Amino acid sequence: MVQAAKRTTVSPEHNRCPCHVPATRTSLAKHSDLNLVPERIAMKIKIGVTGSAREGEGCSDEGIADKARALAQAFASRDVLLLTGATTGLVYLVGKAAHDAGTFHAGISPAANKQEHIETYKLPLDACDLIVYTGFGLKGRNVVLVRTCDIVLFIAGSMGSLNEFTIAHDEGKVIGCLTGTSGVADEADYLLAKFSKETGARVVQQSDPTKLLDACLTELRHKMESTTSE
């Protein structure tokens, strides 16, 4: 289901910031800003995944964990760039599985450097090809992450994800909710009914990870076509 400000339904078929970018599979250490990554990467559609980051939350539910892994495989079979908060929980599960399957995964960290990322925020390094250390804290990181994305996908999620959902809606993004995972991803109807305003955002709800990603990519294409025709 796709929802725009008009509440229509269809079939489910910057600011520059200081950063450091340690690399794994790709040598990007010379780059100090996301805007300076190789053009072959920067020109890809940028899709963010946000949601439950608590250790063990959702990951112990095999049904939700299977959806996370299926979403990762859907990324791997498409020429897109994955962005996350370089965090833990279900988001880590998606990011690590996608990374291991060959998807380029950029993490947007709340920390100012690698040491703070590990010691203060207790966040992992092994799921990402590139990490941008914003130094903006969790809420500031959310803004950088969401504004960088063309599409923002939600899997489960609580208060932090709600913050990202409101940012994405205000920014007029294409938003995808992987339903059946609980949390913010399952509450889009309530949020839009109570608090929605006209921003140009489009919200797609789908329980199948592959169909969700395809529907969001279709909505992005429609949005880009309508923008260029104006």
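Biologist: To begin, in which helix do R69 and D66 both lie, and how many residues apart?
Modeller: Both R69 and D66 are in helix 2 (residues 62–76), three residues apart, which is about one turn of the helix. Helices here are DSSP runs of H or I with at least four residues, strands are runs of E with at least two, and both are numbered from the N terminus. Please note that this is a predicted model, in which local features need pLDDT of at least 70 and side-chain atom pairs count only at pLDDT 80 or more, while totals for chains, interfaces and linings use all residues. Residues are numbered from 1 along each chain as its sequence is written, and side-chain values use heavy atoms, with hydrogens and water left out.

Biologist: What do the side chains of R69 and D66 meet in?
Modeller: They meet in a salt bridge, at 2.8 Å from N to O. The term requires a side-chain nitrogen of Lys or Arg within 4 Å of a carboxyl oxygen of Asp or Glu. E62, D66 and R69 are linked in a network of such bridges.

Biologist: Are R69 and D66 buried, exposed or partly exposed?
Modeller: R69 is partly exposed, with a relative accessible area of 33%, and D66 is partly exposed as well, at 42%. Buried means under 20% relative accessible area and exposed over 50%, with partly exposed in between (1.4 Å probe, protein chains only).

Biologist: How many salt bridges does a search of the whole structure find?
Modeller: The search finds nine. One of them joins the side chains of K96 and D100, at 2.8 Å from N to O. K96 and D100 are four residues apart in helix 3 (residues 89–100), so about one helical turn separates them.

Biologist: And which side chain does R78 meet in a salt bridge?
Modeller: R78 meets D214, at 2.9 Å from N to O. This pair links distant parts of the chain, 136 residues apart: R78 is in the loop between helix 2 and strand 3 (80–84), and D214 is in helix 8 (residues 209–229).

Biologist: Turning to packing, at what angle do the axes of helix 5 and helix 6 cross?
Modeller: The axes of helix 5 (residues 137–148) and helix 6 (residues 159–170) cross at roughly 40° and come within 10 Å. Axes are lines fitted to C-alpha atoms, for helices over the stretch in contact, and angles run from 0 to 180 degrees between N-to-C directions.

Biologist: Which residues meet there?
Modeller: K139, N142, V143, L145 and V146 in helix 5 meet G160, N163, E164, I167 and A168 in helix 6, contact being heavy atoms within 4.5 Å.
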